[in-house]
Amino acid sequence: MKDTHENPRGKLARDAAVLQIKLLADGIRDAILIPLSLFAALIGLVEGGSNCDEKFRRVIKLGRRSERWINLFGQKPPLGIEHPAGSMDNILSQVESIVLDQYRKGRTAEETRAAVKEAMKNDKPPTPTDPHGS
């Protein structure tokens, strides 16, 4: 079996799937940030004072961090594993690696789900295996 990165159609399918997942995550983030930012601004307007924008600025900071984590169009290098929140790119790569490994081993969908769940629970990159499935 060819690696999806060697096959242009496989690469296109992978890239399209990753973009859709990231667009979904970005949309959920936006749906959360819209009311959160409005609420923070409203609190600041009611409270007043010289630092009335403090809560609003914290929401902006959260938005910037989440934007970097999602890295929607891949314009920046993925956050490193040492980053406390990891990155969506790292998580997707880890899941892809596990799924391909399970596929090569002929595992069922349930076994694959369990392997992905276990890897996410342990928060460790998967151990590379023999590319021939031995």
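## Ser66 and its surroundings

In this predicted model, S66 touches R29 and L33 when residues up to four places away in sequence are left aside, a contact being heavy atoms within 4.5 Å. S66 lies in helix 2, where helices (H or I, at least four residues) and strands (E, at least two) are DSSP runs numbered from the N terminus. With a relative accessible area of 17%, S66 is buried, since buried means under 20% relative accessible area, exposed over 50% and partly exposed in between (1.4 Å probe, protein chains only). S66 and D30 are 36 residues apart in sequence, and their C-alpha atoms are 10.0 Å apart in space.

## Helix 1 against helix 2

Helix 1 and helix 2, the latter covering residues 54–70, pack at an angle of about 170° with their axes 8 Å apart; axes are lines fitted to C-alpha atoms, for helices over the stretch in contact, and angles run from 0 to 180 degrees between N-to-C directions. The two helices are therefore roughly antiparallel to each other, as angles over 145 degrees count as roughly antiparallel, under 35 as roughly parallel, 65 to 115 as roughly perpendicular and the rest as oblique.

Residues of helix 1, including R29, L33 and S37, meet residues of helix 2, among them V59, L62 and S66. The residues of this contact divide into 10 nonpolar, 3 polar and 6 charged, where Ala, Val, Leu, Ile, Met, Phe, Trp, Tyr, Cys and Pro count as nonpolar, Asp, Glu, Lys and Arg as charged, and the others, Gly among them, as polar.

## The core and helix 3

The largest nonpolar core has 6 residues, namely V18, A25, I70, L72, M88 and L92; such a core is a set of buried Ala, Val, Leu, Ile, Met, Phe, Trp, Tyr and Cys residues joined through side-chain atoms within 4.5 Å. The elements that give two or more residues to this core are helix 1 (8–47) and helix 3 (88–104). Leaving aside residues up to four places away in sequence, L92 touches V18, I21 and K22.

D89 is found in helix 3 and counts as buried at 15% relative accessibility. The side chain of D89 makes a polar contact with the side chain of N71 (3.2 Å), a polar contact being a pair of N or O atoms within 3.5 Å, of which, within protein, one must be able to donate a hydrogen and the other to accept it, with residues adjacent in sequence counting only if both atoms are side-chain atoms.

## The chain as a whole

The chain has 4 helices and 0 strands, and buried residues make up 23% of its 134 residues.

## Basis of the values

Residues are numbered from 1 along each chain as its sequence is written, and side-chain values use heavy atoms, with hydrogens and water left out. Because the model is predicted, local features need pLDDT of at least 70 and side-chain atom pairs count only at pLDDT 80 or more, while totals for chains, interfaces and linings use all residues.
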